[in-house]
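This report describes a structure chain by chain and then at the contact between chains. Please look over the sequence and model before reading on.

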Amino acid sequence: MTPETPTKRQITVPMMADLAARDEAPEILFWVGCAGAFDDRYKRVTRAFVRILDHVGVKYAVLGLEESCTGDPAKRAGNEFLFQMQAMQNITTLNGYNIKKIVTACPHCFNTIKNEYPALGGNYEVIHHSTYLQQLINDGKVAVEGGESFKGRRITFHDSCYLGRANGIYEAPREVLAALDADLVEMKRSRANGLCCGAGGAQMWKEPEPGKKDINVERAEEALATLSGRAEALDNLRGVETERAAPGPHGLQGSIIAVACPFCMTMMADGVKNKEKENEVQVFDLAELIASAEGINA
Amino acid sequence: MLQSILFLLLLIAAFGLFAWQVRKIRANVLVGRDRDMSGHPAERLRKVILVAFGQQKMFKRLTPALLHLVVYVGFLVINIEVVEIIIDGLFHTHRVLSFLGPVYDALMAVNEILGALVIIAVAAFWWRRNRKPPVQRFTGVELRMWPKLDANVILYIEVALMVALFFMNTSDLKLHQMEGVELPGAFPISSLLVGLLPDNVTVLHTLERLGWWLHIIGILLFLNYLPSSKHFHIIISFPNVWFSRLTPLGQFSNVDSITHEVKAMMDPSYEVPAPVTNPDGTAVAPTSFGAKDVEDLPWTSLLNAYSCTECGRCTSVCPANLTGKLLSPRKIIMDTRDRMEEKYNSPLIFHPNVYGEEAKHEPITDLANATLLRGKVTPEELWACTTCNACVESCPVNINPLESIVEMRRFLVLEESAAPNSLNVMFSNIENNGAPWAFSPSDRFNWADELFVAEKASVA
């Protein structure tokens, strides 16, 4: 048997305007989001997700320069006027292309388009990339093999508020991670009891109010204690009075905090840095992990 | 006969006073803005059965859930005996339900066991609140003064009611034993206590009547205490759960008046609906964007305030509060109730929280004109919220503190332009660049440059 020859191919990301000009309709519109388009760290997630879309051969498109902020941070901050201006502008664009199905890697964009655009005339099937990846894996379109092996590596998933509590999506990201055959450990505060990373509600763009600690540090401490199996470190955590952590202790080296949200990504990575563990623990998005495991990075 | 008439008058007075207090509270709730909560009766009923009757969300924390369950079931079952007491009082009968035979035996036995368990549970509740230090969530700037006293008063009343019940049963039992007559019903606890009472028929008779009257008077007093107390939740949490929002927690309310404005801006031919008019034809004064005071909040948020048991589960899971910020979701709900009663109607006992240094408040000199926003809730509290919905998720009776927080943020931003400066920068970035960061919109598609994928062509 000849070993697989890695060849790489450049992806030309299909633009919605070009498809429309050819009178074609995509199966899904990939909503990139501002973080996915501008934030250097999250651009890597966008690129990983596009590799997956390309790899499975789904007919997709992006809006490119026609995309604009969904208005989520404006709405959470109380600026309803700015939110609706943004929403209507985007709805005009999306309806102009007769978009039916949207996939996005940002839980904030997901929540806003799915739940808040209908009242303003935007009705679409909106899917978060965690659900989409789960479907691809379940349908066998992504085999989760041929690339980096995550077997036995410790991974803990940090629930994004706007995916979890806000929209009840707890299992899809966990099923995606389960496909990696890794050693999944749950934080004490997970699923409906998950602790916010501290960035929601427009906190991403402001300094926190005076307090004892930053929220992302509190959450990073929990993630690190969970990954290292130091249950006693978790006993001081407040907010939940049940469930215990996985037994330990373990070394942290090679452990992963998995996220499914650009803001969680920033906050968790900063929190890990604050605890000076960035050389041992990495923060990855689901799409990056799947793209690596599938061996399609180039 | 005289006793029956006295009893009837007492009942009328107690229920009349209660109705008068409830009307005040109803009026308070109705000062809130309209919000259509009709429809979906099956789903609402399901929620009432699971969350309110079934205590589903209480069981996120096992110990308090079990303690609360004892008191809750005790309340429900012992109230059957209250029905008997009322009938006996009105018609001068004695233990009128005893015709139920074995069912009555079981009922009395269950009552007594529950009564004893209630005393134990209440003692545990008291310990959780009054030990040093207490359970963390029973502390905080909002839980001083009246709310702190109120929580203990409720526990004392509950014990007093149970003691009166046992007094009544034990003396009645002993009285019958001494007269050689069998008392209908089974009394597993009281039968252990008969030895404690004197062997004097007259005294026993007096004690039995005393226990009977103390129990029913205690209940009627408690009924009229409820509207002043967090214990009002035993009634209001049911309608509050019925009127829960059924939309995903992430869906924030739409401001329709702004929708009309934005549509008119984008499309000059859009016809804004005619403004609502008063019955006499004059235009209704436009309402502010967002909430400055209680009447600017939707009525459901005001109903929330009357359902709050001040348990603090919301605050104990709030990421801002956990990390030492000023925000406490419970405080916002309690402040809303205080402010309603300060500005509109108040029940019999009314001691609103007044904040000072400990809540970073300027001393308030003009209480009547100090609105909910700034008078009680400071912008620092509001801006600390991450809108994570942990408070909403944790509330055992489906209170939504987040909605009130966002309404007040809307007022700060849209009416006062009083957002923190960094948020104003974010707003102008969105306006100018279509992104919350200061990136050039023309760079939006740069992420797709030089993007390669590994081809997994299996070479034969």
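This is a predicted model: local features need pLDDT of at least 70, side-chain atom pairs count only at pLDDT 80 or more; totals for chains, interfaces and linings use all residues.

Residues are numbered from 1 along each chain as its sequence is written, and chains are lettered from A and ligands numbered from 1 in the order in which they are written.

**Chain B**

| Property of chain B | Value |
|---|---|
| Radius of gyration | 28 Å |
| Span of the C-alpha trace along the principal axes | about 100 × 80 × 45 Å |

The radius of gyration is taken over C-alpha atoms, and the globule rule is 2.2 Å times the number of residues to the power 0.38. For 460 residues a compact globule would come near 23 Å. Chain B holds 18 helices and one strand; helices (H or I, at least four residues) and strands (E, at least two) are DSSP runs, numbered from the N terminus. Of its 460 residues, 40% count as buried, where buried requires 20 or more other C-beta atoms within 10 Å of the residue's own, C-beta atoms being placed from the backbone.

**Contact between the chains**

Chain A contributes 76 residues to the contact and chain B 69 residues; two residues are in contact if their C-beta atoms, placed from the backbone, lie within 7 Å. Elements giving two or more residues to the chain A side include β1 (7-10), α3 (40-56) and α5 (80-96) of chain A. β1(A) runs antiparallel to strand β1 (residues 452-455) of chain B, and four bridges join them; strands pair if DSSP finds at least two bridges between them. In this pairing A:Arg9 stands opposite B:Val453.

**Helix α8 of chain A**

Helix α8 (residues 171-178) of chain A has A:Ala172, A:Pro173, A:Val176 and A:Leu177 buried. The buried residues line one face of α8(A), because they fall within an arc of 135 degrees seen down its axis, the arc being that of the directions from the helix axis to the C-beta atoms. Their cover includes α7 (129-138) and α12 (286-294) of chain A.

**Nonpolar cores**

A nonpolar core is a set of buried Ala, Val, Leu, Ile, Met, Phe, Trp, Tyr and Cys residues joined through C-beta atoms within 7 Å. The largest has 168 residues, and A:Ile290 is among those with the most contacts inside it. Not counting residues up to four places away in sequence, A:Ile290 touches A:Ile52, A:Leu133, A:Val142, A:Val144 and A:Val176. A second, separate core of 20 residues includes B:Ile78 and B:Met168.

Key. A residue is buried if 20 or more other C-beta atoms lie within 10 Å of its own, exposed if 12 or fewer, and partly exposed in between; C-beta atoms are placed from the backbone.
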